[in-house]
Amino acid sequence: MSSGNDDGVLFETKEAKGQLARHAFMATVLINILFIWFYRAANIPAADDGGPRWCWIGMFAAEIWFGFYWVITQSGRWRIVHNHVFKHKLLHRYGDDLPSVDIFVCTADPTMEPPVMVINTVLSAMAYNYPPEKLNVYLSDDGGSEFTFYALIEAADFSKLWIPFCKKFDVEPRSPKAFFGGNCPVNDEEYGREWLSMKELYSEMRSRIESAMEMGRVPKGIRDQYAGFSEWNSEFTKKNHQSVVKIVVDGRDKNEVDADGCRLPTLVYMAREKRLHQPHNFKAGAMNALIRVSSVISNSPLILNVDCDMYPNNPDAIYEILCFFKDEVRGHQISYVQFPQAFDNITPNDLYDNALPVIHKVELPAIGGYGSALYCGTGCFHRREGLCGRKFSRDFKLLLSNTHKNTLISVTELEEAAKALADCNYENGTNWGREMGLIYGIAAEDVVTGLTVQCRGWKSVYYAPQKKGFLGVAPMTLDQALIQYTRWSGGLFQIFCSKYCPFIYGHGKIKFLAQMGYSMYLLWAPNSLPTLYYVTIPSICLLKGITLFPQVTSPWLIPFAYVFIAKTVYSMVEAYMSDCTLLSWWNAQRMWVIRRTTSFLFGFVDAVMKQLGLSETSFVITTKVTDSDSRKRYEQEVIEFGCSTFTSIIFTSAMLNLFALTGGLLLFVTEGAEALAKLAPQIVLCGLLVAINIPVYKAALNRNDKVCLPVSIVLKSIILASLAFLLPVF
Ligand SMILES: O=c1ccn([C@@H]2O[C@H](COP(=O)(O)OP(=O)(O)O[C@H]3O[C@H](CO)[C@@H](O)[C@H](O)[C@H]3O)[C@@H](O)[C@H]2O)c(=O)[nH]1
Ligand SMILES: [Mn+2]
């Protein structure tokens, strides 16, 4: 119940239970880590006794890193909070006095991101439960594709029926594709009838768009109808073209109405200028062009940014996030509200650990609790001021209320004005990409941008309600997943190495726990080196009968065992509390080993190269389409390995551990219990790695499937793994 002066409070932040127990537990782990370090330092083999001196020092170095990194990760567990909003209070208090919202959808490639998928996102954004005259949807097309433009025109038409249908029957989700994937309602006759006819209309629209793409041209009738197509002349290519801005639906126009006579949201297509020798800065460049283009058309104080595959899933989300921005106590400090990234194609045991449940339910909420929620690039509502570089100031209370559109000039004039803002040279000599808008030069533009906003004094909120705010497409093959992590880990590490390093750039500006929280992810990439060391060297030594851990009978084994078991059990509990199955926890463990030994390694190398000026920032787009064979395998939760270097590394390390385990067990047979006592920890470590790699061996043995591991990779990996044992160990 609310009364009196707390009426203006529109959200509350609750602390998760068990804080004291967590802290006590952390202390026990930390003490044991210190014991491990002490043991390592005190027992370094002397240079002249022929012991594995350098191997030992390597183990020590890896364990120093792991211990240090573990401390960093505790920032994501120290204090965990969750936010709740009071939507009814907002409506009661503000009624119609609510701000307009600009929604930015980014797409970059019509084959990897099919236009039909893109317009599903656009349509669900247009159908938000929010006054349509206050909604403006902008599509940025870095693919510069006339098919995407064509699809948007189709979507505008379709929206005239789709929006009334959604509102009449209060349907969810409002992405037609996702919605019609469900069953036809049978209990309500009228609803059932309209459902069927809408579905029919949707399918027709989809096939028109798809067949235009197959034919490679937009039907002449449509081309003639819309002057906009003339932009795509013979000189127009994806990488070299003038700016295109087309207002497909002019929301200012009272005659632009849907089938029920209600106003429509504004809908704008933009393909910013691209020139071969002009860096376009990928998504950050697209977003900044959108910020400028929208500023002359609608200039809403709030901006929602979504990737083209991330359709809005909760029709009330805008009202919910307004509870943060309009909160009378804390609202004026908040620059953005980030929803978790969620996906609608996760299999029951989440084969590739795409859902990242612990990150989304524990770590990111915790960092949000320090006022520094990470900006994750999609599903994020921004205050325009914050994004545009304005510093937070206490004296200045932004009211976030109704804004007025530019009603003075005609559509054509508006388009012309907007086009100039999407030109390459518009940014020359300005602060765009440095102090204004999204930051350039870093492949994780989202995270670094969020950090700069916070360092200008703003706060940000992580909001993870029960009903998912946005749903996207997660990678469906191992290679796709690993490519994505290569970009992320590389881009994030690049931030750490740059002037934006949170410990320096954020010093005195964001909380220390938040600086650590950022670093948890920014330091993903360097984890690769100690992990690679740990999955190979102890195994090689095992085969050679060299001991790297305390004997089974030694009390010094206790801290090693404690840290390992405690961390494992704790991560199982966290996964369980985040609604994971045991198998998905296991799959996630495998994915972490794989990511650390492949993606993070490449990300690390990549970031170092960029630091040395040897390579340029790039952005490999994640494919959102998968052929039906791969999709079937994904649904059956069978790992699909590609013919990539990733696969070679994974398989080599799996073989190495299999050989080592076999050798270790043989040693036990030939030399008996004494060998076991000396090598048991290594046998356990190696055994676990073998267990986690079972699907890898299966894939290698499987010779019938179209995606069995190529013989060449198998042979190469086996040879490499065997050679590893010939390496001298010292
Ligand atoms: O030159 C480009 C490249 C990409 N994109 C868009 O950026 C979005 C994200 O690309 P995607 O390939 O899906 O990357 P993900 O790894 O899935 O994206 C995550 O990570 C990115 C940073 O690495 C963020 O930009 C994203 O918002 C975040 O969802 C997509 O909508 C693309 O269309 C562009 O607009 N222009
Ligand atoms: Mn994506």
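Predicted model: local features only at pLDDT ≥ 70, side-chain atom pairs only at ≥ 80, totals over all residues.
Buried area is the accessible area that two parts lose on being put together, summed over both. Domain 1 comprises 14–75 + 511–726, and domain 2 comprises 85–341 + 376–391 + 408–474. Their C-alpha centres lie 41 Å apart. Between them, domain 1 and domain 2 bury about 1200 Å². Carbon and sulfur atoms account for 70% of that area. On the domain 1 side, Y518, F619 and K624 lose the most area to domain 2. Together these residues make up 52% of what that side buries. In terms of contacts, nine residues of domain 1 touch 20 residues of domain 2.

One salt bridge is counted between the two domains. A salt bridge also joins the side chains of K624 and E113, with an N to O distance of 2.6 Å. Both K624 and E113 are buried. K624 lies in the loop between α21 (599–611) and α22 (628–635), whereas E113 lies in the loop between β3 (101–107) and α4, so the pair ties together parts that are 511 residues apart in sequence.

Y518 also belongs to the buried residues of helix α17. Of the 11 residues of this helix (residues 512–522), nine are buried, so α17 is largely enclosed by the rest of the structure. The buried set runs through A514, Q515, M516, G517, Y518, S519, M520, Y521 and L522. Their cover includes helices α2 (53–73), α11 (357–369), α14 (445–455), α15 (478–497) and α16 (502–505). Strand β9 (334–338) is also among the covering elements.

Across the whole structure, 34 salt bridges are found. One of them pairs E15 with R79, the closest N and O atoms being 2.8 Å apart. E15 sits in strand β1 (residues 11–15) and R79 in the loop between α2 and β2 (81–85), so this pair ties together parts that are 64 residues apart in sequence. Both ends are partly exposed: E15 has a relative accessibility of 44%, and R79 has a relative accessible area of 27%.

A further salt bridge brings together the side chains of K467 and E172, at 2.9 Å from N to O. This pair links distant parts of the chain, 295 residues apart. K467 is in the loop between β11 (459–462) and β12 (470–471). E172 is in the loop between α5 (146–169) and α6 (176–180). K467 counts as partly exposed at 35% relative accessibility, and E172 is partly exposed at 34%. Elsewhere, salt bridges that share partners join E231, K246, E416 and K419 into one network.

Another lysine, K134, is placed in the loop between α4 (115–126) and β4 (135–141). K134 has a relative accessible area of 10% and is therefore buried, the limit being under 20%. The C-alpha atoms of K134 and S300 are separated by 8.4 Å, although the two residues are 166 residues apart along the chain.

The surface carries a nonpolar patch of about 810 Å². F564, I565, V569, V573, Y576, M577, V684 and L688 make this patch. Helices α19 (557–577) and α24 (673–692) each supply at least two of its residues. The most comes from α19, with six residues. V573 is placed in α19. With a relative accessible area of 40%, V573 is partly exposed.

Methods. Residues numbered from 1 in each chain as written. Chains lettered and ligands numbered in written order. Heavy atoms only, no water. Patch = residues over 30% accessible without salt bridge, like charges linked within 9 Å, V, L, I, M, F, W, Y side chains within 5 Å. Areas by Shrake-Rupley, 256 points an atom, 1.4 Å probe, with all protein chains shown as cover. Salt bridge = Lys/Arg side-chain N within 4 Å of Asp/Glu carboxyl O. Helix = DSSP H or I, 4+ residues; strand = E, 2+ residues; numbered from the N terminus. Buried < 20%, exposed > 50% of the residue type's maximum accessible area, 1.4 Å probe, protein only. Domains from an automatic or database assignment. Contact = heavy atoms within 4.5 Å. Buried area = accessible area lost by both parts, 1.4 Å probe.
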